[in-house]
Amino acid sequence: MVTSQTFQLTSGNYHSTEANQQYFSVSQFKQFNQCSAKAMALLKGEFIRKESSALLVGSYTHAAFDTPEEFSKLLEENQEAIFNRKGDKYADFKTADAMIQTIQDDPFSMFAMEGDKEQIFTAELFGAPWKIKVDSINHSRKTFTDLKTTQSLSKRAWSTKYEMFVSFVEAWDYVLQMAIYRKVIELNTGFTYNPYIVAVTKEDPPDKAVIHFDTERFQFEIDFVEAVMEKMISVKSGEIAPTRCEQCDYCRSTKKLSNSIEMGRLLD
Ligand SMILES: [Zn+2]
C-alpha cells in the first residue's frame, strides 16, 4: 500500500486503485457498507467491475457542463461506445443529450451549476483520510452543486436504512454524500457550504429540479457513517475479514454452494 508521503492525489489518478487504497470516498463507503467482500476484492484488483454504459453516460452528462475541451476529449476517447457506424449516437446518449439540453435551457438550473468544476478536496474524518470530487463549487456563494440523473423525481423505493419509502435522493445515499462533502469542504475552507442537487430525469421529455436540504438531515448521516467507520477501517487495513453479502455481482460470481436451503429463507 502506498503512503501519503509518496502518493499525490490528482484528477488523473482520482479513481485509481492507489487513490482508493489511500483514501475513503463516499462511493467506497457505500461499497463497504453494502458488501465489504466486494469492496476488498475491488481494492485488491481481484474483481474487475464490468464497464457499464450507464457509467459512461454519467461521465458524458457531467462533461457536457465542464469545459468544451473536456467534453471533446471524452467524445474522442469513447467514440466507439457513443457513435454507431453511421455516425449517429446510441439511444442512451441521445437521451443524455435531451437531459443536457433540458438543463441548459433552464436558467435557474444553470445558475445553480455556476462555479468551479470537478474540484478535489481531502480531509481526515472519523480517523481516516477521505477524498471528494465536487461537480461544481461556488466560493463566493458558499454553495456546491452535484448533478444527478434519475428515472423519475417522484419514484418511491423502500429503504432499510431509513425504514420508510424514500425518493431517489435517499435511496442512492445522496444525503450522506452531501453531508460528507459539506464536512470535508468545511475542514478545508473553514466555512459551511450549502449543498444543492440539480436533478434531471431520463423521461421523455425530461423533468428537472434544483433540490436543497434542511440542514437537520446531515447529522443523521454523519452519525451513520461515524458508527461504522472504526470497523470499516479495520476491514480495509486487513485486520478484520470482510463479510460477504451473498447478493451482489461479486458474491454471485464467486459463490460455491455446499448445502440446500429451505424455501422460506429465500426472502431473508
Ligand atoms: Zn457481496
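Buried, in what follows, means under 20% relative accessible area, with exposed over 50% and partly exposed in between (1.4 Å probe, protein chains only). The model is predicted, so local features need pLDDT of at least 70 and side-chain atom pairs count only at pLDDT 80 or more, while totals for chains, interfaces and linings use all residues. Residues are numbered from 1 along each chain as its sequence is written, and side-chain values use heavy atoms, with hydrogens and water left out.

By the buried cut-off, K148 and D146 are both buried. Their side chains meet in a salt bridge at 2.8 Å, N to O; the term stands for a side-chain nitrogen of Lys or Arg within 4 Å of a carboxyl oxygen of Asp or Glu. Counted that way, there are eight salt bridges.

Another of these pairs is E221 with K161, whose closest N and O atoms are 2.6 Å apart. E221 sits in helix α11 (residues 217-236) and K161 in the loop between β4 (157-159) and β5 (164-166), so this pair ties together parts that are 60 residues apart in sequence. Helices (H or I, at least four residues) and strands (E, at least two) are DSSP runs, numbered from the N terminus. E221 is buried, at a relative accessible area of 2%. A network of salt bridges links K161, D173 and E221.

Then there is the zinc ion. Its protein donors are the SG atoms of C35, C245, C248 and C251, lying 2.3 to 2.4 Å from the ion. Donors here are N, O and S atoms within 2.8 Å of the metal (3.2 Å for Na, K and Ca); water is not among the atoms, so sites may look incomplete. The angles among the four donor atoms run from 105 to 116°, which makes the zinc site tetrahedral, a label given to four donors if all angles lie between 85 and 135 degrees. Along the sequence, the donor residues follow the spacing C-x209-C-x2-C-x2-C. Both C248 and C251 are buried.

Two further residues, R244 and E246, pair up in a salt bridge with their closest N and O atoms 2.9 Å apart. E246 counts as partly exposed at 34% relative accessibility, and R244 is partly exposed too, with a relative accessible area of 32%.

Finally, Q31 lies in helix α2 (residues 26-34) and is buried, with a relative accessible area of 17%. Setting aside neighbours within four places in sequence, Q31 is in contact with S36, A39, L42 and R49, contact meaning heavy atoms within 4.5 Å.

Methods: Four donors count as tetrahedral if all angles lie between 85 and 135 degrees; four count as square planar and six as octahedral if opposite donors are over 155 degrees apart and all others between 65 and 115; anything else is irregular.
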